[in-house]
Amino acid sequence: MNPYTVAAASLALCLAGVAVLLKILRVVGGNRAFYFIFTSAFLFILRQSLILTEPAGLHSGQAPVTFTGELFSLAALGFLLVGALLLIPIIGGSSPGLRETEKIIQKKDRFLAAVLSASPVGFCLIRGRALHWVNDSFCRMVGYDAEALQDKTTAMLYPDVREFERVGRQLYDRKDEARISRVTTRLVLKDGSIMHCLLQAASIDDDHPELGKLVAVMDVTELKQMADALEESEERYRRYFEEDLAAAYVSTPQGQLLSCNPAFVRIFGFSSVEQAIMCDLHLLYPEPAMMESFLGLLRKVKKMEHHHNQRCRSDGNIIHVIENAVGSFNRQGELVEIKGYIIDATHQKNLEEQLRQSQKMEAIGRLAGGIAHDFNNLLTAITGYADSLVSGLKHDDTLGKSAREIRKASERAASLTSQLLAFSRKQVLQPKILSLGTVISGMEEMLRRFMGEDIELLTGIPSGLWPIKADRGQIEQVVMNLAVNARDAMPDGGRLIIEASNIELDTTYAKLHMSVSPGSYVMLAVSDTGTGMTDDVMAHLFEPFFTTKGEGRGTGLGLATVYGIVKQSDGHIWVYTEPGKGATFKVYLPRAEGGVHDLSPVTDNVTHACGHETILLVEDDDLVRDMICDGLRRNGYKVLNASHGGDALRICSEFSGPIHLLLTDVVMPGMNGRELAERIAESHPQIKTLFISGYTDRAIVHNGVLDPETDFLQKPFNMEMLARKVREILCA
């Protein structure tokens, strides 16, 4: 064989062997044993082949040994052929192990695809912010089918560009080492609704970012709604706890305050929640035993509702509270924690006291008014007959003196009944528009003489006082009684201050003082530097016959009279006092509209004269009727008398002459005086009427104010007063 041919064939075999080795290495992968054995055998055969086929004659001039070289070359060729035959099934994939591996890989791929498609979580493959692949769950979430989403940019699913860019920065553009990134966002569904979702993205291949990211999309709308509802509930609870008007607190039985709300701070007078928590709750009880009693009751009942109690503010003032409390107990049944709610009921307690006081005063007033009415009838008779005795016994000094003493006693009794009627608000008022400043100025000189030298009287009457509508005599009595009360409270002298001012009472004041209406008032303030009053005295201050003066020094009707006059004038009275620090009485009278009435005294030109007219007298009290009848007849009048309305109507129908005046009591059984006057006026239209009564009645007055054009004479009266009034009416 030509040596050059053999050499060329050997070189070709070498190159083919290298190619076969590379293919074997790629196929067998990491099987190092196979690679080593096959490579060693091949290199040995190749080496021998090259040696034996070396064309030595080219250098030495000898002829080459061709048979052996050809043998080894053929062997190498055969070895390569065998190796190639062995590699055919491997390269062709006919290896059973390789086929099994490929099947497993394919099965896993199909399984993964099935999982992603069947998962309730939405998945999508995003490349360059575009949707490359989506699963069915994602399509159901957003409402689009897969074809509509294919290769579409994700910007279509965001409510605005800013949200799209924010998600991009946090989910796709991150440069940190975290392989998985997540973000919460909102997506706009096909129907326009908003879905709150959680996006979680992972790279397909970190070395090849162009492959994109697999993004899991989870619908968290319900979770978001639940979280919002929980947050709202917590916020409501926080507002309820912090803004509630009731004082909420949590404490231990040992008195340690664990938490409290701002209402607790406000009610107990602390400056902050922190200061309140540092306080020992035992100090908030007027007496330590009260807290022990509270804890004992809570251990027994476990839960307390509407528990009325007293507490002590941080400044030492006592307040009335209503408390609800719930105890927390451990397994051994021991009280370990207290949760409570406290309502400051001090204002309510004060209003209840005012209501009870008002109801008590009303009851006493009704009793006093009834007594005064009956007593006035007796006093009218006593006064009338005493006057008769005085006029008939002018020459008998002994009996005349006795008659005059009877007359004085009846006058004192009449004064008492007048005060009782004032207290019970059943006196008749004839109010006029007047200036309170003018009334006080007119009384100033008299008050200075009355107070004495050891009491300094100061008055403060500003200009521009609003007018009031009141009975001047009654207002003067109010000022006088308050001045007398102040003088008696300053036995060692002092200072009496009488002031007046315009004032507006707002709704806040009205809420704190029962029966007060907001509005414009003129205030009369009478202040002294006397001994002051205790709470016990204040509780009975305006009750009739209650007095702190010694026996024989007072009737206890002065302040009761003031109270009645003020209330009947639609006013309000309030007292500010402390023991040893004097007292201030404030009277609020409603502002009136209109000009001030002329308060100059009116000269009464009506003289005591006899008459001849016919008078119909109607009085249900026999004693009073007989006294009035005798007195009128002595003055020349013709008197027709009746004991009730029916009798009076009968007399009118039977009497043929004119009847000039109807003199009737107001309060009578069956038919009152107003109804009788209206009935008689139908048949006697020219008749005049004079009403008499022991106290006011709705027939002729409204809230104690006399109806216009109504003539009235208050019992008790004497015959001189009656004669002057009768003559005045008949001559009008």
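Modeller: Let's start with a term we will need: a residue is buried under 20% relative accessible area, exposed over 50% and partly exposed in between, with a 1.4 Å probe and protein chains only. This is a predicted model, in which local features need pLDDT of at least 70 and side-chain atom pairs count only at pLDDT 80 or more, while totals for chains, interfaces and linings use all residues. Residues are numbered from 1 along each chain as its sequence is written, and side-chain values use heavy atoms, with hydrogens and water left out.

Biologist: Thanks! What does the protein chain average in pLDDT?

Modeller: pLDDT is the predictor's confidence in each residue, from 0 to 100. The protein chain averages 77, and 72% of the residues score at least 70. Over residues 55-68 the pLDDT is below 50, and this stretch has 9 contacts (heavy atoms within 4.5 Å) beyond near neighbours in sequence.

Biologist: On to the rings. How many aromatic pairs does the structure hold?

Modeller: A pair of aromatic rings is described by the distance of the centres and the angle of the planes. Rings of Phe, Tyr and Trp (its six-membered ring) pair if their centres lie within 6.5 Å; planes under 30 degrees apart count as stacked, over 60 as edge-to-face and the rest as tilted. The structure holds 6 such pairs. In one of them, the ring centres of Tyr285 and Phe294 are 6.4 Å apart and the planes lie at 40°, so the pair is tilted. Tyr285 is buried, at a relative accessible area of 6%, and Phe294 is buried too, at 3%.

Biologist: And why is the pair of Tyr521 and Tyr588 edge-to-face?

Modeller: Because the planes of Tyr521 and Tyr588 stand at 85°, with the ring centres 6.5 Å apart. The pair links distant parts of the chain, as Tyr521 is in strand 15 (residues 519-528) and Tyr588 is in strand 17 (residues 583-590), 67 residues apart. Strands here are DSSP runs of E, at least two residues, numbered from the N terminus. Both Tyr521 and Tyr588 are buried.

Biologist: Which residues do ring pairs link into a cluster?

Modeller: That cluster consists of Tyr249, Phe264, Phe268 and Phe270.

Biologist: Rings can meet charges as well. Which ring does the charged end of Arg129 sit over?

Modeller: The rule is that NZ of Lys or CZ of Arg is within 6 Å of the ring centre and within 35 degrees of the ring normal. For Arg129 the ring is that of Phe164, with the charged end 4.0 Å from its centre. Likewise, the charged end of Lys586 sits over the ring of Tyr576, 5.1 Å from its centre.

Key: Helix = DSSP H or I, 4+ residues; strand = E, 2+ residues; numbered from the N terminus.
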